[in-house]
Each structure stands twice: as C-alpha cells, then as structure tokens.
Amino acid sequence: TGAINIGVGSGGLALNSGTGDGAYTQIGHGGLTAAAQDVTADITISFCETGDLSLMAGNSNAYALIGHGMKNQVANMSGAISVGSSSERAGQVTLRGDGNEAFAQIGHSGANLDGTKIGNIAVYAENGVSLTAGAGSRADANIGHGFNENDGLRDGTILVDSSGGDIVVTGGLGFDSAATLGHSGRDSTGDRLGSIDVIAGGGSVRVNGGGGQMAMGVIGHGGSWQSGQGGATFRGSLSVSATEDVVLTGGPGGGSGSAANGGAMIGHGGATNRAIKDGIITVTADSDTNDTGGVIMNGGATSGTFVKIGHGGSSGSSGATTGAINVTGASLEMNAGAAENSFAIIGMGGQNNDASHSGNVTVSTTGDITLRGGGSGSFAQIGNGGFQSGGTKTGIIEVDADGGNISLTGVGANGYAQIGHG
C-alpha cells in the first residue's frame, strides 16, 4: 500500500511484456506471484512533455498492466488511476493483447483474482487511443477493472479523452479475445458500476468486432460469455462523442472459431450476457457541427457479427435492460450484414433476447437516415427488441431527419428494416 506517482517526458512510457510465458510488466502493487493482500493506493502517471504510452501483453499468460492486481488470489483492490490530465496529456495511448490469456489493461485486474476492484479511471491523450485484442484466446485489451474469472464488485467512473486522433476499440482474431472500454471479465460474478465517457475531440470513435468467435469490441460494462451473471447489475451512463464519425463495424471472420458474435456495441452486455443492464446512452457524431460526421453501423461478414447501440447483446442474452438512448449526428447509416444474424440496431435488447426492454429511443440528424436489412435474420432496427425476441418492449421512439430523407429497405429472408419495437 502507498501511492505510486510517475513522471514521463517526451520519450514516453512503454510496458512490453516480451515472449516469455507468464512474463509481465506492471505499474501497481501486487504481481503475478504475489500473496493475497488488500491494496488501497492511487496511481498517477503525469506527462511534463507529450510522450506516447504503450502496453503490449506478450506471449501466453503474460500481461501489461497499469493497476493493482495478482493471480489466483482473493483480495480487494482500490485506488484512482490517472494517466495524464486535461492540460498535460499523453501522446498516443496503445493497448494490445497478444498470446493466449495475455492481456493489456489500465485498471485493477488479474487472472482468477476475486474481490472488489474500485476506483475512478481517467486517460487523457493528444493523438488518439487504441485498444486491440490479440490473436491468442482471451487475449484482451481493456480500460476498466477486471479480467476473466474475477468475482466481486467492479466500481468506478471511466473517462477516455483524446484531443486529437481517433479512439479505436477492436476485438481480436483469437477465441473470445475482446477489447473493452468498461469494466469486464469472462465467467465472473458481481455488479459493474460507473459512468463511461469517451471523447474524441479531434477525430472519430470506431468500435470494431474481431475475427475470432465471441471476439467483441465494446464500449460499456460486460463483454462476451457472461453466462454466470444472472442477478448481477451492470449500471452507468454512457456518453460517446466525436468531432467526426462514430463507426461500429461487425467482425471480418477468419480468426479462431466460427466468429459468431464477433460484434461491436456501445452499451452494457455482449454475447451470452444475463446481467440486468441500466443507464442512459448518448452518442454524438459531428460534435463540432460541421455537418460532415455521422453515425455509421455496418454488420459484419460472418454469422452473428452484429452492431448495436444499446444494452443487451445476442446469442441467448437475457436480463432486463432499461435506459434512454439518444443518437445525434449529421447522418445515420445502418446496414445489416450479408451473413446470417449480423444485425444493426439502435435499441435495448437484441436477437434471441426474451427479457423486458424499456427506454425511449431518440435519433436526430441534419441529413439522411438509412436503414437496410441484410441476410437471413440480419435486420436494421430503431427500437427495442429484435428478431426472435420475447418479453415486453416499451418506450417512446422519435426519429427526425431535419433536412434529409428517411429510407428503409428490406433484403434477405427476415432481413427487415424497421422503426419500432419488435
């Protein structure tokens, strides 16, 4: 226990975990083989000059971590994590997963580390932020607390603010290799709480599904494979803004597994997620009002590579969802993918989701709004619910294309386009 303060100049800061199995680099208390011990301490990384920050996970079971944590223990981790400030920013911030179970993360974490993880996280960059999951299985890249098989509360606000460049969140090529900007972790129990604010002050926000099965890109709490989360709550408002575009793209396939549910979403949840999810979602493209940026959602090339703004997910996800959704931009384009079940939706719920979904949905643009269905079961929808979803769906829907046209086109079997709950 004890605060950690690091000053960085123009040379930047690099955490590169190398090729050894179980190698790690960490700024924080604990370590791979540390004994169980509760930790309470803030971590502050200051930049007197603009320098890049990189976290590269390395080979199997390796990690690069800014945060407290250890492996195979039960302990409570707490403390704020600050990277830069609004006046003294990092340059480019890069996190990359790599080998099997090799993760890169800003947040309190560790493999099989049970216990609470609490503390606000703030990352300030000047030239963009990139989170890219790896080619190995469960090779995650995360900003937020928690990793796989971490039971216990995760709580704290998350702010990622880049004054220039893009903010990019991309799932990996490996099985279940997710990139998450939010509290996360596979096969874990416990609530995940706290608001998330993502600001691209000089570029776009891009969320990309990965090529591997369940390899998602997510801005929100959760991620994929949360089958054990029945009764848990994922709660917190989400605000995503960009001076240019906000783009969500389903995964390309070609990685490990079938690539099913290699989706991209802004919202709490993911594939096979049973937690209760709540919070207002606000997405703003073209925030400098140049009438050039828009919200673009493209389903992927492989089955189940959906794109979504809203809480919920796909592949048997359950758990009630609540919260208003507000989407604003110069234009909105929603294209379901050509593959089966590669849908595009602005709304709570998702495909094969039988829980109740409640919340108003508001979409406002200065230009065109286009919805286009795709392959079998690949729909484009503004409203709560989705294809083959049960449960109640409620909420007012308002769609306004001020100065533009609204177009809906269906394509394949059950590849519908709809404004309404369904």
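Which residue in E30 does Val207 stand opposite? Val207 stands opposite Leu248. The model is predicted: local features need pLDDT of at least 70, side-chain atom pairs count only at pLDDT 80 or more, and totals for chains, interfaces and linings use all residues. Residues are numbered from 1 along each chain as its sequence is written, and side-chain values use heavy atoms, with hydrogens and water left out.

Strands here are DSSP runs of E, at least two residues long, numbered from the N terminus. Two of them pair if DSSP finds at least two bridges between them. An open sheet holds eleven strands, in the order E2-E7-E13-E18-E22-E26-E30-E35-E40-E44-E48, with parallel pairing. Strands E2 (13-16) and E48 (406-409) stand at the edges; each has a single partner strand, so one side of each lacks a neighbour in the sheet.

Within the sheet, E26 (residues 205-208) pairs with E30 (residues 246-249) in the parallel sense over four bridges. Asn208 stands opposite Thr249 in E30. E30 is also joined to E35 (residues 295-298) by four bridges, and the two run parallel. Leu248 stands opposite Met297 in E35.

A nonpolar core is a set of buried Ala, Val, Leu, Ile, Met, Phe, Trp, Tyr and Cys residues joined through side-chain atoms within 4.5 Å. Buried means under 20% relative accessible area (1.4 Å probe, protein chains only). The largest core has 69 residues; Ile143 and Ile219 touch the most other members. Contact means heavy atoms within 4.5 Å. Leaving aside residues up to four places away in sequence, Ile219 touches Val205 and Val207, among others.

Definitions and conventions: Buried < 20%, exposed > 50% of the residue type's maximum accessible area, 1.4 Å probe, protein only.
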